[in-house]
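Welcome! Take a look at the model below, then work through the exercises one step at a time.

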Amino acid sequence: MRGDSDGSGGARRRELMQMVAAAGLGAAGSLWLPESARAQTPRRGGQIRAAGYSSSTADTVDPAKQSLSTDYVRCNMFYNTLTALDGNLAPQPELAESITSDRATVWTIKLRKGVTFHDGKALTPADVVYSLQRHNDPKVGSIAKPLAAQMTEIKATGTDEVTITLSAPNADFPVVLGTFHFHIIKEGTTEFVKPIGTGPYICKEFTPGVRTIGVRNPNYWKPGKPYLDEIEFFGIPDETARVNALLAGDIQLAGGVTPRSTRLIKAQQGLSVFETPAGVYTDLIVRLDAPGTGNLDFALALKYLQDREQMRDAIYQGFAVIGNDHPITPSNRFYNADIPQRAFDPDKAKFHFQKSGVGTSKVPIVVSPAAAGSAEMAVMMQEAGSKIGLDLEVRRVPGDGYWANYWLKSAVGFGNINPRPSVDILMTLFFKSDAPWNESAWKDPKFDSLLATARGETDFAKRKQMYGEMQLAIRDTSGIGIALFNSFLDGHVSKLKGMTPIPVGGMMGFNFPENVWLDA
Amino acid sequence: MNAAMLRLIGVRLLLGALTLLIVSALVFTATELLPGDVAEALLGQSATPDAVAGLRAALHLDQPSWKRFLLWLGGLLSGDPGRSLVNRLPVVALIGNRLPNSLTLAGITACVTVPLALTLGITTAMWRGSRYDRIVGMGIIGIVSVPEFLIASVAVLVFAVKLRWLPALAFRSGPQDFWAMMRLLAMPVGTLALVGIGQMARMTRAALLTVLESSYIEMARLKGAGAIRIVLVHALPNALGPIVNAVALSTSFLLGGVIIVETIFNYPGLAKLMVDAVSTRDLPLVQACAMLFCAAYLSMVLIADIVAIVSNPRLRQR
């Protein structure tokens, strides 16, 4: 249901982004204020201390080098992107006032007027060109180089206009621009000691591995924002220490807490848990090219053996969303709600198991702490399997070296996949026939051609239709079982208001700084 | 006598410099042998071959390693340990940021631990076999057997979460007055003291007992010297060597080896800095930290030896 909001207008080719932009402003307004009667007016003032879950000398304020959640939060304090992803992962205009395209290949970006950097300089197309272009310079060492490579030409085409030409059509380009690596910096910036951006906070202190302090930017271009006077942000990598600091009142926001800790947090008065249903999943992998077990019937048998409700409640204390054996979450705008939910069904599992010809021999299923929750899931499936004559043998291997030694190599095992900004990126990385990370060695030429067509399709309804077919194909013919999407969980003082889930990650998709306020 | 002492110090300093050089070469080689380099560590999953090559060239990692080592050594000798490869900040600034924190923590811990440990060690040696000796001995073994992360976590749960007497994190921005500082550091210091006391106290007791069994102590006893006088005046000077060495080793450990306490109390000290540097293969920073720790060990041990010699007439005469 949430996925429908963007498609309602029946988008026309080329005008899609303008429309999204217009709709986005309205949607964004409601995003800042929690809906319904609980709506409260944000309050100005106050300061908070917030802790993320990593901290090292590699902490950075160079947009091109961001690699951890804490980098994203820090950079979101100081910089803006051209677009930003909303709660349905749809791009909304930020520094770009509008984005239009010619056949999804030549993109014209109109910049917002009156935006200034922290040192007073006005935002110009030259800044945008520099910020985007530097990712293609190998000396910069940008993490986003693979994404940036599609931009063959980036040039200023007016006083407030930038035109970008892509090597091939990509209807998701506005989503790409909304990834944090494409934060806009000042033209010519090469030193990243004290960041200067257009963002909601001005850097007062940045010490890698220690802390970051931002003070309110009084000239921020979003009226009234941000609300807090100051944010001190640092990392406490140890989860217990982080939760204890919250419980002891030393910090007001603890990013990334485990389902186990949520009980402690909820039990204390004045503390709350913030849940972000997101696209992280630990998936069952049945390699279709493995001898013996490598057939679709065996994969289907295991898929039917997943007791999703029980897994959700027992492993994640309810903080998870049920999956339908494909990687798209119900909150995604491209989610296909018409596919019936696959349920726990030992009878169907037995039918497929008998058809698979695996017989009574022991089948090893590889689990590891590296794929969070895999051991628990496998044990539940082992239990269910024993009732239909399937003899699963849970083989535990260490987390260290798991991705190099077991993942993609075990006939039956588990993976753990983080959310990606767009359906296209996710499908290309993990399901395209020739993808190096095609986890179940699943090959479907029709899927590949749909993927390529959808990438250049700017009509939302048509794309949704294609992505919908692809979800069905993964669900019914691949060797991947996705029982659950587990949520990101953060703990915070109840007085801290204004956070709404953005499924990119926890802490409001790493973008809490400009959105939160302290209630009196 | 004084000249002999100076010669000893001179020789030890020279040997120390040689040790530092060897250690730096070893650490450099070991870091080179670790899989991956800083370019790969920085790029992570997007480490495509051309991206890695470009970043390597930008960081001068494409030069042969002996050349990089000599460049680094030359820089160090002229007083510049270089810049971090990861964040391009000067290594001096990164260490300068953390060193005062580590020194504060180590200093306060030593001030608490050393007198307590010596007192416990001396008194248990004096009343060997008494009920007091046995209770203290068992207590010390009990505490030493508990891993420090458990002590620290339980302390946080009790004093910060339940009682709310102390803050759970040991670090605050901005200047702190003396009492605020004590409150912040109470739990880290307490944890480290509990771990450190045991070793020092048992070493002191053992060293003293060996001496107390020797014949000249028996002689003193026969001459009618009191128990306290025997321990403090007759036995202690002879036992001081091993005791000071134990103290020196424990305190130099406090400078760079307290990663668990730094992690649990989120205290930005040198141990965490070095772990970061190793995990990102940040050679200049790794080298600088290694040099610093090594120099600290060497000088503590040197000071311990000098103290032992000065306090012991027999060694002094040689």
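**Exercise 1.** Which residues make the nonpolar surface patch of about 760 Å²?

*Solution.* Before starting, note that this is a predicted model, in which local features need pLDDT of at least 70 and side-chain atom pairs count only at pLDDT 80 or more, while totals for chains, interfaces and linings use all residues. Residues are numbered from 1 along each chain as its sequence is written, chains are lettered from A and ligands numbered from 1 in the order in which they are written, and side-chain values use heavy atoms, leaving out hydrogens and water.

Step 1: the patch is made by B:Phe149, B:Leu150, B:Val154, B:Leu157, B:Val158, B:Phe159, B:Leu163, B:Trp165 and B:Ile260. Patch residues have over 30% relative accessible area and no salt bridge, and nonpolar side chains are joined within 5 Å. Areas come from the Shrake-Rupley method with a 1.4 Å probe.

Step 2: helix α7 (residues 148-162) of chain B gives the largest share, six residues. Helices are DSSP runs of H or I with at least four residues.

Step 3: B:Leu157 sits in this helix and is partly exposed at 42% relative accessible area. Buried means under 20%, exposed over 50%, and partly exposed in between.

**Exercise 2.** Find where the salt bridge partners A:Lys362 and A:Asp391 lie.

*Solution.* Step 1: their side chains meet at 3.6 Å, N to O; a salt bridge needs a Lys or Arg side-chain nitrogen within 4 Å of an Asp or Glu carboxyl oxygen.

Step 2: A:Lys362 lies in the loop between α10 and β14 of chain A and A:Asp391 in the loop between α11 and β15, so the pair ties together parts 29 residues apart in sequence.

Step 3: A:Lys362 is exposed at 53%, whereas A:Asp391 is partly exposed at 30%.

Note on methods:
Patches are made of residues with over 30% relative accessible area and no salt bridge: like charges are joined within 9 Å, nonpolar side chains (Val, Leu, Ile, Met, Phe, Trp, Tyr) within 5 Å. Helices (H or I, at least four residues) and strands (E, at least two) are DSSP runs, numbered from the N terminus. Buried means under 20% relative accessible area, exposed over 50%, partly exposed in between (1.4 Å probe, protein chains only).
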